[in-house]
Amino acid sequence: RPFHVEPTNIVSVNDDMQRVTDEASAMNKRIHYYSRLTSPADKALIAPDHVLPAPDEIYVYSPLGTAFKVDNCTDGYGKNSSLVTIFMIWNTMMGTSILSIPWGIKQAGFTSGIILILLMGILTLYCCYRVVKSRQMIPLTDTSNWEFPDVCKYYFGSFGQWSSLIFSMVSLVGAMVVYWVLMSNFLFNTGKFIYNFVHDINVTDIVPGTNGSNKVICPSAASGHLPQNRSVMFSSGNRTGFELFEEWWDKSQTVPFYLIAVLLPLLNLKSPSFFAKFNVLGTVSVVYLVFMVTVKAAHLGIHLEFNWFTENEFFVPEFRILFPQLTGVLTLAFFIHNCVITLLQNNRNQENNVRDLSIAYFLVGLTYLYVGVIIFASFPSPPLSKECIEQNFLDNFPSDDIMSFVARVYPLLGYLARVQLLRQFFGNAYPSFFHVLILNLAIVGAGVAMARFYPNIGGIIRYSGATCGLAFVFVYPSLIYMISLHRAGQLTCPALIIHIFIILLGLANLIAQFLL
């Protein structure tokens with residue numbers, strides 16, 4: 001779309017004229033990039049012709065299409081401060097992976113889990129740095145609007161373009177499936193609570209757990225006896241009606257299908273702007289989650305016992321052969337490589353990109369480490385075993401506080417999947433209602449199938465993370481770097497060995513997910 005800038009700020013001083021020109025140029029480049037994320041008819045990311053943000057305003061965009069205004073955080077010419085840039089990266093990376101970090105530490109062992117979080121953070125940061133530098137190594141005059149998939153297309157042709165699309169879809173669909181499982185879980189618990197409250201039913205779950213006000217439960221320990229959603233009624237109520245409710249309100253067999261009636265119509269909307277307004281709950285939910293973990297740990301205390309290689313009834317060894325399950329989760333937890341160029345290109349001081357990216361990764365790793373270590377250490381063993389830590393650690397608490405965490409992003413993820421896939425095939429993110437409906441039915445079908453037959457978010461996260469991470473984290477950044485060095489005649493043997501080793505690590509990470 002054409003943009004018109006009123007020449008009210010243009011003065012006779014050459015420096016001021018250049019600043020205004022640079023401001024308009026930077027704005028046009030940003031608008032051009034974000035307009036590619038929507039259909040031509042969608043105005044969610046397209047500013048009106050007569051509107052240009054004032055010099056003291058900046059609108060921060062997330063990869064999901066969310067925009068929010070940050071005041072007094074720019075240099076007055078549309079560039080983000082380092083603080084805003086760091087926050088953007090942190091906010092974009094934080095997701096449902098945080099719910100599976102304590103489970104991953106349990107699978108790897110406490111000591112090896114901490115080591116792996118640190119090592120994976122460093123490794124993915126280095127690969128992310130290679131992604132940022134990849135565009136700068138292309139000998140073209142203007143690559144300012146390029147993202148990493150464009151870089152892949154430059155080096156690998158149509159194969160790079162389509163393979164990057166496929167691996168991006170793996171991460172998006174994987175995230176959507178996880179949200180469907182989480183929302184099924186939340187909807188089930190909410191419906192059950194309402195039914196019990198309305199019918200004045202006193203129900204005690206057949207799930208082992210601790211006593212007291214800070215109850216911790218072990219749902220997996222009851223799975224061998226009765227389904228997790230079954231209950232025993234001790235007092236008033238119609239037993240026949242209760243059993244009928246239990247039959248029609250089943251956690252895996254019925255509730256995932258009920259979500260279709262709510263979410264499928266939302267996914268078929270042309271614009272995600274209404275739902276994007278709720279994305280701010282993502283930051284609130286992470287802050288709330290850290291607060292909740294801190295309070296729980298303060299009440300439960302620390303329960304640790306170091307058994308380096310042997311396992312007992314209540315504790316797990318410090319080092320376990322199942323550690324690749326944690327690396328698979330961490331690959332997605334630290335995944336930002338397909339959009340990091342966009343997040344950094346509007347940094348006020350481009351020379352600080354490496355520093356700001358490193359600080360953001362440090363804060364993300366610190367958040368994951370804090371939540372994972374605190375939950376694992378405070379889990380009450382005894383009386384419960386550390387093996388009871390669930391793939392979604394919130395399932396270890398009889399609480400429905402995950403509403404803001406699970407209900408905020410799914411329609412946006414579905415919209416972004418539609419934009420990426422349909423635009424590649426038909427050149428339009430909304431070619432017709434029929435095309436969009438077919439795509440959404442396929443995505444919803446995948447979510448329902450997983451919630452029905454494999455409702456394990458830890459497994460879904462590690463499989464999708466290791467798959468998309470193989471391309472965007474390990475293979476493409478290393479290959480592009482080696483090709484660039486080779487073309488410049490600067491490829492050395494140590495650089496070749498190191499980056500081939502990184503590629504092999506990514507391949508081993510993916511293979512291990514299917515062997516353990």
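The secondary structure of this protein comes to 18 helices and four strands. The model is predicted. Buried residues make up 53% of the 516 residues. Among contacts with a separation of 6 or more, 78% join residues 24 or more positions apart. A search of the whole structure finds three salt bridges. Two helix pairs are described below: H4 with H17, and H11 with H18.

**Helix packing: H4 and H17**

- Helix H4 covers residues 110-136, and helix H17 covers residues 457-487.
- The two helices pack at an angle of about 45°, with their axes 9 Å apart.
- That angle makes H4 and H17 oblique to each other.
- Their crossing is left-handed.
- On the H4 side, the contact is made by Met-120, Leu-123, Thr-124, Tyr-126, Cys-127, Arg-130, Val-131 and Ser-134.
- On the H17 side, Phe-472, Val-473, Phe-474, Pro-477, Ile-480 and Tyr-481 meet them.
- The residues of this contact divide into eleven nonpolar, two polar and one charged.

**Helix packing: H11 and H18**

- Helix H18 spans residues 493-515 and packs with H11 at an angle of about 120°.
- The axes of H11 and H18 are 9 Å apart.
- This pair, too, is oblique.
- The crossing of H11 and H18 is left-handed.
- H11 contributes Pro-324, Gln-325, Thr-327, Gly-328 and Thr-331 to the contact.
- H18 contributes Asn-509, Ala-512 and Gln-513.
- The residues of the H11 contact with H18 divide into two nonpolar, six polar and no charged.

- Side chains of opposite charge can pair when their charged atoms come close.
- Lys-106 forms a salt bridge with Glu-387, and the closest N and O atoms are 3.6 Å apart.
- Lys-106 counts as buried, because its relative accessibility is 5% and the cut-off is under 20%.
- Glu-387 is partly exposed, with a relative accessible area of 29%.
- Glu-387 also forms a salt bridge with Arg-320, where the closest N and O atoms are 2.9 Å apart.
- Arg-320 is buried, at a relative accessible area of 14%.

- Asp-356 forms a salt bridge with Arg-355, the closest N and O atoms being 3.0 Å apart.
- Asp-356 counts as buried, with 0% relative accessibility.
- Arg-355 is partly exposed, with a relative accessible area of 43%.
- Taking the salt bridges together, those that share partners join Lys-106, Arg-320 and Glu-387 into one network.
- Arg-355 lies in helix H13, which runs over residues 353-378.
- The C-alpha atoms of Arg-355 and Ile-86 are separated by 9.5 Å, although these residues are 269 residues apart along the chain.

- Ser-82 is found in helix H2 (residues 82-93).
- At 17% relative accessibility, Ser-82 counts as buried, because the cut-off is under 20%.
- Leaving aside residues up to four places away in sequence, Ser-82 touches Asn-347, Asn-352, Arg-355 and Asp-356.
- Two of these contacts, Arg-355 and Asp-356, are the partners in the salt bridge with closest N and O atoms 3.0 Å apart.

Notes. Residues numbered from 1 in each chain as written. Predicted model: local features only at pLDDT ≥ 70, side-chain atom pairs only at ≥ 80, totals over all residues. Heavy atoms only, no water. Axes fitted to C-alpha atoms, helices over the stretch in contact; angles between N-to-C directions. Parallel < 35°, antiparallel > 145°, perpendicular 65-115°, else oblique. Left-handed = near helix turned anticlockwise from the far one by under 90°. Contact = heavy atoms within 4.5 Å. Nonpolar A, V, L, I, M, F, W, Y, C, P; charged D, E, K, R; others polar. Salt bridge = Lys/Arg side-chain N within 4 Å of Asp/Glu carboxyl O. Buried < 20%, exposed > 50% of the residue type's maximum accessible area, 1.4 Å probe, protein only.
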